[in-house]
Amino acid sequence: MPSFDESSPLWHGTTIVLVKKDGRTVIAGDGQVSIGQTIVKGNAKKVRRLAKGEVIAGFAGATADAFTLFERLEAKLEQYPGQLMRACVELAKDWRTDRYLRRLEAMMLVADAKAALVLTGSGDVLEPQPSERGSVMGIGSGGNYALAAARALIDTDMDAPAIARRALKIAAEICVYTNDSVTIEEIASP
């Protein structure tokens with residue numbers, strides 16, 4: 001990842017968390033977008049459905065880059081219907097080898113009824129580490145805060161959506177680039 005001068009106006013502000021528990025998978029994201037130290041928007045939608053609603057995805061990073069990746073992933077899902085892992089691996093290959101895509105700065109959390117994955121520009125396609133009660137992942141500026149909170153909550157009686165909401169609320173209390181305007185999408189296992 002390139003280093004940036006803090007005085008340059010950078011788009012910041014995304015926290016995305018994935019929680020998989022009791023046959024339910026949710027991806028939740030905050031709504032804050034910032035340039036430098038200024039909040040530009042508080043209700044951006046960084047989580048959406050793809051593949052006719054069969055896949056949920058959330059992004060962290062540059063917005064235009066993320067939309068490019070959503071479009072590419074959608075095309076891969078059309079090419080490999082019902083095969084999220086295969087579509088993500090093919091996207092990761094393109095992301096690493098295509099000169100244009102290589103410069104994109106974004107990460108994605110994606111899930112369907114069977115799999116949950118994180119995709120990075122380094123070519124990583126990773127599944128979350130499962131625990132006895134479920135699994136969690138987090139990306140973005142407040143991703144580690146949300147990840148820690150979700151890991152602490154996964155062994156409670158809270159369901160997946162409640163854990164995701166609470167984890168984002170905790171992240172918003174710590175990370176200045178995260179707010180508590182939450183978008184959440186859910187997918188259930190068959």
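Predicted model: local features only at pLDDT ≥ 70, side-chain atom pairs only at ≥ 80, totals over all residues.
Residues are numbered from 1 along each chain as its sequence is written. Local features need pLDDT of at least 70, side-chain atom pairs count only at pLDDT 80 or more, and totals for chains, interfaces and linings use all residues, while side-chain values use heavy atoms, with hydrogens and water left out.

**The aromatic rings**

Let's start with the rings. The structure holds three aromatic pairs (ring centres of Phe, Tyr or Trp, the last by its six-membered ring, within 6.5 Å; planes under 30 degrees apart are stacked, over 60 edge-to-face, the rest tilted). Two of them are set out here:

| Pair | Centre to centre | Angle of planes | Type |
|---|---|---|---|
| F59 and F67 | 5.9 Å | 55° | tilted |
| F59 and F70 | 5.6 Å | 80° | edge-to-face |

F59 lies in strand β7 (residues 55-61) and F70 in helix α1, so their pair ties together parts that are 11 residues apart in sequence (helices, H or I, of at least four residues and strands, E, of at least two are DSSP runs, numbered from the N terminus). Ring pairs link F59, F67 and F70 into a cluster. For F59 the value is 4%.

**The pocket**

Helix α1 (residues 63-79) also gives three residues, the largest share, to the lining of the second largest pocket. That lining has 15 residues, with A51, E54, L77, P81 and G82 nearest the pocket centre (on a 1 Å grid over the protein atoms alone, a pocket is an open set of points where a 1.4 Å probe fits, with protein on both sides within 12 Å along at least five of seven lines; lining residues have an atom within 4 Å of a point).

Key
Buried < 20%, exposed > 50% of the residue type's maximum accessible area, 1.4 Å probe, protein only.
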